Amino acid sequence: MVKERARILVVGGGYVGMYTALRLQRRLKRELARGDVEITVVTPDPYMTYQPFLPEAAAGAISPRHVVVPLRRVLDRCRVVIGEATAVDHAARTATVRTPATDEEGTDGQRIAYDELVLAPGSVARTLPIPGLADHAIGFKTVEEAIGLRNHVLEQMDIASSTRDPAVRDAALTFVFVGGGYAGVEALGELEDMARYAARYYHNLRPEDMKWILVEASGRILPEVGEEMGRYTVTELRRRNIDVRLETRLESCADRVAVLSDGSRFPTRTVVWTAGVKPHPVLAATDLPLNERGRLRCTAELAVEGAAHAWAAGDAAAVPDVTAGEKGRECAPNAQHALRQARVLGDNVVHGLRGEPLETYAHKYAGSVASLGLHKGVAQVYGRKLKGYPAWLMHRTYHLSRVPTFNRKARVAAEWTLAGLFKREIVSLGSLEHPRAEFELAAGGKPSQDPPHDPKGSS
């Protein structure tokens, strides 16, 4: 039994936020029915994005709406507040939240009081002060960015097909990806595969006309799958005429020219930035302890150090890895740990409310799988190394088993089945980014060439 009425606030609706809230509403079903517990989830989006499927969504293998999970449907016993947490005063047990109505109301935001706090805001793209980066690059963390990038690539092929200017054509068909981790390699592999297929429907474009460039500052890519599989991935990408540049940095992309540290210059209209992430800025607006990387200092029980009734996990938390041989090592900020931490975190919040002993998070890393395009992949699972079709199949099988809800599993499986029977979709719906343009023109106005303001940068 819960000792007294408890208000639980979950900040974030990603992996940790959604799965923790889901665990809480299952474990506290009776208390929620009696009104002894209230769970509030604050999230900027009304859905959770299953990020491992973003590359396939960008390539058109999965519909964008099946990459996301509607939070209000899944968390039907929670109060879901769409907004961005801007500050947390744990001493006063309050959080300040900006909602879509904040500007209309003329206030600084809504204040939500709580008794138990779960901080799971995730991470944001880690950018560098590179000239032109903020003006021309696009990230790859949201479903909006994934679909925007797909539309953009197909539009560049349309531009190249219709121009007579060789400089314009060359810039349109040059695609630069910065970052050799999961996001960069999988996005590049899937989109190159899609563009190669789409080229057959253009009378004056060939796959060889396109330049795909992967820029990585370190000497290897995909470190999660091991050094051997990383070398194989480089070989596989280069076999597809993808220019892989290791120990190379992007120094500028101003004036739509990508300048690399090795002196190379590439006129390009496409720069995709996937060079790492950093903790969400809201962590700096709390009175909770942070480590030198800006992540919350946590115990192995997923409680924030020195802060009673505060919990955290995932990208925002520095959680000790009790399974590691070396002292002071932390769990990697990846989806595999996040999913498992959320389960323990939800249980420990319940244990805390009931005055029960807490559980220790201890999970050994099982391995990694990565897709390099249709029927291509690499994997290292429990020490076993796979490549090519078996690794790609394992990638799909693993992530299908992990995507939330049976509804999403069935829809994704159905789409994969249909994709195997029919041809790829190669339609660009870039006009979705300017939904009022045609009406403005018809009404006598001048259609805007810039997409509407989007704080997520998903245009």
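Predicted model: local features only at pLDDT ≥ 70, side-chain atom pairs only at ≥ 80, totals over all residues.
Residues are numbered from 1 along each chain as its sequence is written. Local features need pLDDT of at least 70, side-chain atom pairs count only at pLDDT 80 or more, totals for chains, interfaces and linings use all residues, and side-chain values use heavy atoms, without hydrogens and water.

**Exercise 1. Compare the span of helix α9 with the expected span, then state how enclosed the helix is.**

Step 1. Helices (H or I, at least four residues) and strands (E, at least two) are DSSP runs, numbered from the N terminus. Helix α9 covers residues 182-198, which is 17 residues.

Step 2. The expected span is 1.5 Å times one less than the number of residues. From first C-alpha to last, α9 reaches 24 Å, close to the 24 Å expected.

Step 3. Buried means under 20% relative accessible area (1.4 Å probe, protein chains only). In α9, 14 of the 17 residues are buried, so the rest of the structure largely encloses this helix.

**Exercise 2. Describe the surroundings of Thr49.**

Step 1. Thr49 lies in strand β3 (residues 47-49).

Step 2. Its relative accessible area is 16%, so Thr49 is buried.

Step 3. Contact means heavy atoms within 4.5 Å. Leaving aside neighbours within four places in sequence, Thr49 contacts Tyr15, Leu54, Val67, Val68 and Val143.

Key: Buried < 20%, exposed > 50% of the residue type's maximum accessible area, 1.4 Å probe, protein only.
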